[in-house]
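Colleague: I would like to learn how to read pockets, cavities and helix packing in a model. Please take me through them one at a time.

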Amino acid sequence: METCNGEIRFRDVEFSYDNRKQALKGLDFVCKPGTTTAFVGESGGGKTTVLRLLFRFYAVQTGSIEVDGQNVEDITINSLREHIGVVPQDTVLFNETIMYNLRYANPEVTDEMIYDACRAASIHDKILTFSDGYNTRVGERGLRLSGGEKQRVAIARTILKNPKIILLDEATAALDSETEQHIQAALKELAKGRTMLVIAHRLSTIIAADQILCIHEGKVAEAGTHDELIALSGRYKGMWSKQIRAQKVEKARARLEESADTPMISSTSSSVSDDDDSEHAIPTGQNTAGAAPALGPTEITPATREAEDLLDLLPSGASTPGDAGESSSAVLKRSGSGASIEKGRWSAKGLRKALGKKGGIFHKRGPSTDA
């Protein structure tokens, strides 16, 4: 196979690793040249098997896989793999210099071509900060580099190979959000003019894919763009909603941790103590003679808003510290008034305690029975 345009077609492919369970059951799809196709679905659905069959680690049992109209079984393995580049989740590097590992992809490239590939992969400037630059030894399996640095070296190496087909097997799954953004920018550069097949569990990374295939029990259960699948209200939308909900909870939890020393509620006339043991705190505006409290305007602080956002994510009926059986929204709606302070006020510390404690607001489904 001397040239490759990058069209991939799976025709009614069936495959099993043993006779007890089929991994793929009549899988059928087409990837047009120069497009990005993402595979999503539960673990064990057959996503990784698709890439293994395309790379010819295994042979299909029925059906066929075609690249540019040719059955892959009629193409020599070396010839096929010359046109395919792989960026795995865990990049393996030789215990050699960065330059050696990069040049391994294509021994004929010049130093300037390597620098250009590293710039495209957003790793060139980082390499120059190392004591020995491109002659820095990476250690066994690249242990001297961080996960993000290894991934960007792998992307630069794939750019140097210059294949027409790119396979990404959860290439950013083990990275933090900030590093992932840098990797995504590098992958966008890599995808230009190439056919890309992406396996992703983090759906936010494949929103811009030309087509998304939801694989379920070895078949394509749903297919379309992100917007089309959301409108379909099927499996993909269910996965998307769960991930968005989880992200909101984590962000709210993190911000509450950061504001642990900040009172949750304050008013324009006075502030509220953050002492959990203050049982006899005097409500805003109440005098020592026992007059009724003055219910002035309440200042909503960022921490209070975070609490409201977090409570919006709770299941219906979840209870909070306050009156027995009183809903979380009811307590929070009265925040800032004298009544709410007497019933049990929210603080960042109290919320954090409730979030982390077993039986707290995230664990209770029905009304609370605590006094």
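Predicted model: local features only at pLDDT ≥ 70, side-chain atom pairs only at ≥ 80, totals over all residues.

Colleague: Which element gives the largest share of the lining of the second largest pocket?

Modeller: That is α6, with four residues.

Colleague: What volume does the second largest pocket have, and which residues are closest to its centre?

Modeller: The volume is about 650 Å³. The lining has 23 residues, and Phe-55, Gly-85, Val-86, Pro-88 and Lys-161 are the closest to the centre.

Colleague: How do the residues of that lining divide by class?

Modeller: For the second largest pocket, twelve lining residues are nonpolar, four are polar and seven are charged.

Colleague: Now the cavities. How many of 30 Å³ or more does a search of the whole structure find?

Modeller: A cavity is a space where a 1.4 Å probe fits but cannot get out. At 30 Å³ or more, the search finds one. The largest cavity holds about 40 Å³ of space.

Colleague: Which residues line the largest cavity, and how do they divide by class?

Modeller: The lining consists of Leu-53, Arg-56, Tyr-58, Ala-59, Val-60, Ile-65, Val-72 and Glu-73. Six of these residues count as nonpolar, none as polar and two as charged.

Colleague: Last, helix packing. What describes two packed helices?

Modeller: The description uses the angle between the two axes and the distance between them. Here, helix α4 (residues 111–120) packs with helix α6 (residues 147–161) at an angle of about 130°, and the axes are 8 Å apart. That angle makes α4 oblique to α6.

Colleague: Is the crossing of α4 and α6 left-handed or right-handed, and which residues make the contact?

Modeller: The crossing of the two helices is right-handed. From α4, the contact uses Met-113, Ile-114, Ala-117, Cys-118 and Ala-120, while α6 brings Ala-156, Ile-159 and Leu-160.

Colleague: What classes do the residues in the contact of α4 with α6 belong to?

Modeller: Eight are nonpolar, and the contact has no polar and no charged residues.

Notes: Residues numbered from 1 in each chain as written. Heavy atoms only, no water. Axes fitted to C-alpha atoms, helices over the stretch in contact; angles between N-to-C directions. Parallel < 35°, antiparallel > 145°, perpendicular 65-115°, else oblique. Left-handed = near helix turned anticlockwise from the far one by under 90°. Contact = heavy atoms within 4.5 Å. Nonpolar A, V, L, I, M, F, W, Y, C, P; charged D, E, K, R; others polar. 1 Å grid on protein atoms, 1.4 Å probe; cavity = no way out; pocket = protein on both sides within 12 Å on 5 of 7 lines; lining within 4 Å. Points joined across faces, edges and corners; volume = space filled by probe spheres on them.
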